[in-house]
Amino acid sequence: MAETAAFPAASLPGPIPVGEILPWAVFAGLLALIALYFIGAEQGATAVFSGMGVHEFVHDGRHLLGFPCH
Amino acid sequence: MMGQLLLRGMLVGILAGLLAFGFARVFGEPQVARAVALEGEGGHHHGEAEAGEHDHDAAHDPGAGISRGTQAGIGLLTGTTVYGVALGGVLALVFAGVQGRLSALRPRATVALLALGGFVALVLVPGLKYPANPPAVGSPETIGIRTATFFMMLLFSVGAMILGVMIARHLTAAHGAWTAWLVGIGAYVVLVALVMLMMPTLDEVSGSGFPAGTLWEFRLASLAIRAVVWAVLGIGFGIAAERVLARGNHQARA
């Protein structure tokens, strides 16, 4: 491929071992999902906390980031 | 190396979130303010909105009086920043998985393509079927179905894109990269089109009396805010990834 010619294969490090990625992927992937849930969906169709505080606080962000809001 | 990549992905995500916040303040908030004013005037589907306070869910919880200033300020900043950091982290993880496996491209090119794919699969395509709605559009009674269909559309879109990439990979050896990727992209387009046909259409705009011009500007701003996030991630994390991998390579050889 033309792209690889500009960046010789010899200088490309090999793939990062799956064993190194997996623990991070599980941990950070889960955190990312939880974070996105609280920004995008908490106190909408489902709620972990009662009330509307979280929903109201991120209200504008939720609308502008395209999540379904109230 | 994974920890390094993840940290940098999230740091670039903070930058993406901050820039998206600035963009949203200028291009998105005017439409939100107009919609909230309409919501207050008409009472639409929501409870009363007090002057200066967006208390549209007063019926559910009278105590959650968070001011418009908070919503448009620190609330919006929290939203865009958490969004940026979370997606920056995910981008770093996916990059670590595909670099040197699916992709023989140099790191910044891989990152740029991943960010483009992320924008298309997570923002553009789901948004074609279920576009962003401003306040005052959408009845609280339908939040269940709207949430379910939105996230289902998102999952189908990501799944179809992964399938498209797998098809392209499979065909590359026999038919060349050009043909293989055209077929892969075509498969993605056909799959999401079929899913969109089968998923229910939710139209809560028609009949709501919401001004069409404001709606268009709101949706355009919403799309652009997320384009800002993905552009910053695609360029910024590309630079970071090149550095991390170059350093890793140096250490491996030493």
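1. A definition to begin with: a residue is buried if 20 or more other C-beta atoms lie within 10 Å of its own, exposed if 12 or fewer, and partly exposed in between. Ile14(B) has 16 C-beta neighbours inside 10 Å, and therefore counts as partly exposed. This residue is found in helix α1 of chain B. Leaving out residues up to four places away in sequence, Ile14(B) touches Thr81(B), Gly84(B) and Val85(B). The C-alpha atom of Ile14(B) is also separated by 9.9 Å from that of Val232(B), although the two are 218 residues apart along the chain.

2. Please keep in mind that this is a predicted model. Chain A has an average pLDDT of 85, with 83% of its residues scoring at least 70. Where in chain A is confidence lowest, and where is it highest? The lowest mean, 47, belongs to helix α1 (residues 2-5) of chain A, and the highest, 95, to helix α2 (residues 18-40) of chain A. Over residues 1-5 of chain A, pLDDT stays under 50, and the model has seven contacts for them beyond four places in sequence.

3. Now the contact between the chains. Chain A brings 39 residues to it and chain B brings 59 residues. On the chain A side, α1, α2, α3 (53-57) and α4 (59-64) each supply at least two residues. The largest share of that side, 10 residues, comes from α2(A). Sorted by class, the side of chain A that touches chain B has 22 nonpolar, 12 polar and five charged residues.

4. Chain B itself has seven helices and zero strands. Of its 254 residues, 42% count as buried. Among the contacts in chain B with a separation of 6 or more, 78% are between residues 24 or more positions apart.

5. The largest nonpolar core has 66 residues, of which Leu91(B), Leu93(B), Phe95(B), Val229(B) and Leu233(B) touch the most other members. Both chains give two or more residues to this core: α2 and α3 from chain A, and α1 (2-27), α2 (29-42), α3 (68-98), α4 (107-129) and α7 (212-253) from chain B. The largest share, 15 residues, comes from α3(B). Another core, of 10 residues, lies apart from it and includes Tyr130(B), Phe156(B), Ala160(B) and Tyr188(B). Back at Leu91(B), the residues touched, not counting those up to four places away in sequence, are Gly9(B), Leu114(B), Ala115(B), Gly118(B), Leu233(B) and Phe237(B).

6. Helix α5 (residues 143-175) of chain B is worth a look of its own. Its 33 residues reach 46 Å from first C-alpha to last, close to the 48 Å expected at 1.5 Å a residue. Buried residues in α5(B) include Arg146(B), Phe150(B), Met153(B), Phe156(B) and Ala160(B). The cover over the buried residues of α5(B) includes α4 and α6 (177-198) of chain B. Just after α5(B), Gly176(B) takes a positive phi of about 90°.

7. Lastly, the record. An unreviewed UniProt entry gives the annotation "transmembrane region" to residues 74-98, 110-128, 148-168, 180-200 and 220-241 of chain B. In the model, residues 74-98 of chain B are 100% helix and 0% strand, with the end C-alpha atoms 36 Å apart. Residues 110-128 of chain B are likewise 100% helix and 0% strand, and their end C-alpha atoms are 26 Å apart.

Key:
Residues numbered from 1 in each chain as written. Chains lettered and ligands numbered in written order. Predicted model: local features only at pLDDT ≥ 70, side-chain atom pairs only at ≥ 80, totals over all residues. pLDDT = per-residue confidence, 0-100. Helix = DSSP H or I, 4+ residues; strand = E, 2+ residues; numbered from the N terminus. Contact = placed C-beta atoms within 7 Å. Nonpolar A, V, L, I, M, F, W, Y, C, P; charged D, E, K, R; others polar. Core = buried A, V, L, I, M, F, W, Y, C linked by C-beta atoms within 7 Å. Expected span 1.5 Å × (residues − 1). UniProt positions renumbered as here; feature names shortened; annotations may be inferred.
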